[in-house]
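This briefing is meant for a reader who has not seen the structure before. Please keep the sequence and the 3D view at hand while reading.

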Amino acid sequence: MIEKLRLTTRIVEEQDAALRFYTEKLGLEKKGDETFGPEARRWVTVAPKQDDTVEIVLEPLDWFEGEEAERRGAMLGRQPALAFTVDDCHATYETLRERGVEFTSEPKTQPYGIEAVATDLYGNGVVLVEHVSPEET
């Protein structure tokens, strides 16, 4: 039976630029960086420092050719949002803004907590959620 999610992918135009964004701007940690296969492709993963369950694979377009490259290229900026739990949404929002991360919404109180939405290099959503107890909302 399925036990847990291990990897998810983020299609990127250029791995090093994406790696810099996710590590230097968002503050994630590089978890893996190795080559594989006959073409020596680079397998790069990132995740929050405290998360040892799921990693994000930064999957470059140049891994693919022809129709598959076109299909994946069409997904740039149209991938599902990545949602991250944060301990303090307002403070995280300010820190990331200072690092140059662009936001589409400031922290707002929602029924489930406080949420802010940023975008990555390609316009994909990066959601920050601070869960709060029902008494705090």
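The points below cover a sheet, the helix on it, and a group of aromatic side chains.

This is a predicted model, in which local features need pLDDT of at least 70 and side-chain atom pairs count only at pLDDT 80 or more, while totals for chains, interfaces and linings use all residues. Residues are numbered from 1 along each chain as its sequence is written, and side-chain values use heavy atoms, with hydrogens and water left out. Helices (H or I, at least four residues) and strands (E, at least two) are DSSP runs, numbered from the N terminus.

**The sheet**

- Four strands, in the order E5-E8-E7-E6, make up an open sheet with mixed pairing; two strands pair if DSSP finds at least two bridges between them.
- Its edge strands are E5 (82-85) and E6 (102-110), each of which pairs on one side only.
- From one strand to the next, the twist averages 20°; axes are lines fitted to C-alpha atoms, for helices over the stretch in contact, and angles run from 0 to 180 degrees between N-to-C directions.
- Strands of a sheet pair through backbone hydrogen bonds, either parallel or antiparallel.

**Strand pairs and hairpins**

- E6 and E7 run antiparallel and are joined by 6 bridges, and the hairpin from E6 to E7 passes through 2 residues.
- Lys-108 stands opposite Glu-115 in E7.
- E7 (residues 113-119) and E8 (residues 125-131) also run antiparallel, with 7 bridges between them.
- Across that pairing, Ala-116 has Leu-128 in E8 as its bridge partner, and Ala-118 stands opposite Val-126 in E8.
- The hairpin of E7 and E8 has 5 residues between the strands, and Gly-123 there takes a positive phi near 95°.
- E7 is mostly covered, with 7 of its 7 residues buried; buried means under 20% relative accessible area, exposed over 50%, and partly exposed in between (1.4 Å probe, protein chains only).

- Helix H3 spans residues 89-98 and includes Arg-97.
- Arg-97 counts as partly exposed because its relative accessibility is 44%.
- Arg-97 and Leu-26 are 71 residues apart along the chain, and their C-alpha atoms are separated by 9.7 Å.

**Aromatic side chains**

- There are 6 aromatic pairs in the structure; rings of Phe, Tyr and Trp (its six-membered ring) pair if their centres lie within 6.5 Å, and planes under 30 degrees apart count as stacked, over 60 as edge-to-face and the rest as tilted.
- Phe-36 and Trp-63 form an edge-to-face pair, because their ring centres are 5.5 Å apart and their planes are at 85°.
- Phe-36 is in strand E2 (residues 29-36) and Trp-63 is in the loop between strand E4 (55-60) and helix H2 (66-73), so this pair ties together parts that are 27 residues apart in sequence.
- Trp-63 is buried, at a relative accessible area of 9%, whereas Phe-36 is partly exposed at 34% relative accessibility.
- Trp-43 and Trp-63 form a stacked pair, 6.2 Å centre to centre with 10° between the planes.
- Trp-43 lies in strand E3 (residues 41-47) and Trp-63 in the loop between E4 and H2, so the pair ties together parts 20 residues apart in sequence.
- Trp-43 is partly exposed, with 28% relative accessibility.
- One aromatic cluster is formed by Phe-36, Trp-43, Trp-63 and Phe-64.
- Over the ring of Phe-64 sits the charged end of Arg-72, 4.0 Å from the ring centre; a charge sits over a ring if NZ of Lys or CZ of Arg is within 6 Å of the ring centre and within 35 degrees of the ring normal.
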